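Open the model in the viewer and keep the selection panel at hand.

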Amino acid sequence: MLIGAALAGHPQTSELSRTLWGLKEAFLVAFFLQIGLMGLPSLSALPLALVFILLLPLKAALFFVLFVLFGLRARTAFVTSVSLGSYSEFALITSVAAVEAGLLPESWGQLVGLVVAISLALAAPLNRSVHTLFQRYERFLLRFERKGLHADDEPTSLGGAEWLVVGMGRTGGAAYKMLTGQGYRVLGLDADESKLEFHRAKNRQVRYGDAEDPELWERIDLDGLRGVLLTLPDLEAKLRAAQGLKQRGFSGVIAATSYHREEDPLLQEAGATLISRPFAEAGERLAERALGINLVEEAEDPKPTETAAS
């Protein structure tokens, strides 16, 4: 942790984090295996486990109230609360540490492991259908939303932009730079505030926007827009964005990145009119450039031809 804190300001922090991700995952799997080898809790502990599971809706409700009080929209508060509603692996870490320190009986380590596993199993389908759930209970949830401006308000106007880049990571940033370099008016959208601050520091026109939010595509003014570039890493977000644009009857270009060939038909069905495969195309461009350099070198320094012996 101390090494991580010391390296936090280094420009290669993100790359280092991605490199260490596999190692962290391996340790996490080993930790879960260790918890599993402790065995199952006794039958007498099952009622207490049920109590902890029944507290999950209360935990999510408390998160929702806190987020609304801090000025977030009801939708953002609901989606985030559902995501945070389960018990995380940190509950396992703290319970095991407490058991090893003699603060809790050994059975609690097994009990917490079972509760965490059940909560994660319940969270998976809930997180997948969270947007559908919000649409179903939207009228009720909007009653708790504070009036006025919100920190996560999304744009309804593009400010005269001709191209919209959704997802301002490396690919989106490169697309934004290329389009502005060609003289087009471009607007970038992203739900990650740190990315927005990075691009604002470069005087780029970016706004907060959640591509998975149906309200974004229902309310935003698409007049004068030539095309939308979906450069998000998450497939579900790209599908929802393409579907939202298709339902609005948008006739411009809907370009999307695809990292697996299995994603292509899903994106096309959702409404994407152009699909780019960054990894494959990067390799093709590299090979083309290498061939171009090789051809230039051969033209400048042709091999000597054999002449007939006199």
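Across which strands does helix α11 lie? Select residues 193-200: α11 lies across β2 and β3, at about 160° to β3. Helices (H or I, at least four residues) and strands (E, at least two) are DSSP runs numbered from the N terminus. Axes are lines fitted to C-alpha atoms, for helices over the stretch in contact, and angles run from 0 to 180 degrees between N-to-C directions.

This is a predicted model, in which local features need pLDDT of at least 70 and side-chain atom pairs pLDDT 80 or more, while totals for chains, interfaces and linings use all residues. Residues are numbered from 1 along each chain as its sequence is written, and side-chain values use heavy atoms, without hydrogens and water.

Next, show the open sheet of 6 strands, ordered β3-β2-β1-β4-β5-β6 with parallel pairing; two strands pair if DSSP finds at least two bridges between them. β3 (206-208) and β6 (274-276) are at the edges with a single partner strand each, so one side of each has no neighbour in the sheet.

Select 227-230 and 253-257: β4 and β5 pair in the parallel sense over 4 bridges, and Gly-227 has Val-253 as its bridge partner in β5.

Finally, select Leu-164. Among the residues Leu-164 touches, not counting those up to four places away in sequence, are Leu-187, Trp-217 and Val-228.

Technical notes. Contact means heavy atoms within 4.5 Å.
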